[in-house]
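Here are a few exercises to work through with the model open beside you. Try each one yourself before you read the solution.

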Amino acid sequence: MFATGNIKRQKTREQTRSLDNDNFPGKPHTDTARHTYLYHKDFYSKYSYTTSAMGRIDYKPDASYSHHEDNFYYRYYNSNERLHGRTMEDWMRPSIFIGKAFTPYPGCSPRPWSENPMTLYNMQNMHSLENYKRGIRAMFELCMKMGIKYWSGYDRDLAPEGETSEETQYNYEQVVDLIQEYQQKSGIRPLWIGIDFKNTYKFRNGAVTNPESSIVTYAGYQTKRALDIANKLGAENVMFSASQEGYFNIMNTDITRELKNFHKFLKLMIEHKDRIGYRGQLLMETVYDNRKRFRDEGYKYCYDFSSTLCFLKHYNFERQFKLVVKPGHFSYMANMYGCLGSIDIKHKNLYDVQKAAMTMKMIIENGGISPGGLTFYVPHHKSTFDAKDLAEAFITAVDTYAKALRIAVKFINDIQLNKSIQMRYVSFSSGWGSKFNSSEANLDDCEDQIRKQEPNIMQPPPSRSEHWYAVLTRNMESPFK
């Protein structure tokens, strides 16, 4: 698929570049602030892209918080340190999400490394192939300085769509070759490549469940391209997003037909994966239940963890696909049902240490999250940002989950906590509880037991949730040495 197409286009020889670019400089510039003037319809706005000295991000557990402008270090993340039998890197498997942060994104301001940030409203220039390449170079540079071995992104985050399929193919070939070059030099590779059906007008009425066969065909072309890219780059996972699959009005919708087409499409995806010899894991992204969005985007077939899992089990896909979920309850349930694939960390979850600690505890008890990992989405807005601030955001997010990992290990090794959990369910260890637990009882036995105990029915025990929230909070404040 990635053979060079016959496109009448003048090819320019790309200059040989090292991995040590200047988007996140290791030495301070002579001018500590660079000001870029962006043209607006009615006025000029000045945005300051401040770049400070930034070399490799080191582990500094004793660093002080005295200087709020110097946050280029890890306080908790030490990639090679072994905790509970594995390195921190193996437990977390952190990856940087390339979309929105590094490559042009619909509705977003230009990035600090754009070819010409002054053309804010010239979308053709903003989404040029060169700007995508610049973003990819910046992403590899930041990964190297942070010591992160993985990145993640959707197919449309890698290269711009052309006016024809040949031009689009050419763009992807150029970018994939660039990524392979950097990948061979740095060892940094994709954790997952996603199939993006969201950021295009074609799939507003669904991608694989669209009522128009030509649209479904285009979705198949895009899926094949993403699988081929993942196979060529050695991505550990390929993620299918079902965010566009659904309907707006049941009056003109044949749900049975659409779900059958959904089923057929995933079978074709699995067949192509086997045909090209791709050995990575297939993932399906869950669309989080946000009722406010339903009024604007209709009703989704896979609108949350439960509906996605039901769909996969109904069509016997649970062995081929695992789920991408957010931290917290959905990740606990995915782990219980054996379908935890990877975890997306966005918005407020980036710096929520309490939720992160419980998520990391679950990952340790599960024995790890491989071949998935933790994907950090920064930024969560569409406005202009500073390269230095972007680096700080990624560093802080990774460090937050490193701190959470240390807290989780303390909890797992806490004898008193483990004993408290066992004591909470001690009534099932003997007597009637033991009989019920061993499946020897029936509902008639339950009735007889209640009649015997009726005068002395035990009051339900307190949940003690307030106490354990306090314990969690205290552990976040305590030192780790």
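pLDDT is the predictor's confidence in each residue, on a scale from 0 to 100. You're looking at a predicted model, where local features need pLDDT of at least 70 and side-chain atom pairs count only at pLDDT 80 or more, while totals for chains, interfaces and linings use all residues. Residues are numbered from 1 along each chain as its sequence is written, and side-chain values use heavy atoms, with hydrogens and water left out.

**Exercise 1. Work out how far to trust the chain, and which stretches have pLDDT below 50.**

Start with the average: the protein chain has a mean pLDDT of 83, and 81% of its residues reach 70 or more. Residues 3–17 fall below 50, and beyond near neighbours in sequence they have 18 contacts in the model (heavy atoms within 4.5 Å). Residues 27–52 also stay under 50, with 51 contacts beyond four places in sequence.

**Exercise 2. Find which residues touch the most other members of the largest nonpolar core.**

First, the term: a nonpolar core is a set of buried Ala, Val, Leu, Ile, Met, Phe, Trp, Tyr and Cys residues joined through side-chain atoms within 4.5 Å. Buried means under 20% relative accessible area, exposed over 50%, and partly exposed in between (1.4 Å probe, protein chains only). Now the core itself: it has 114 residues, and Phe102, Met146, Trp151, Phe240, Phe262, Phe321 and Phe394 touch the most other members. Helix H11 (residues 387–412) gives the most to this core, 17 residues; helices here are DSSP runs of H or I, at least four residues, and strands are runs of E, at least two, numbered from the N terminus. Then zoom in on Phe240: leaving aside neighbours within four places in sequence, its contacts include Ile195, Phe262, Met269, Glu285 and Phe321.

**Exercise 3. Decide whether Thr400 is buried or exposed, and list what it touches.**

Locate Thr400 in helix H11. Its relative accessible area is 9%, so Thr400 counts as buried. Not counting residues up to four places away in sequence, Thr400 touches Leu350, Tyr351, Asp352 and Val353.
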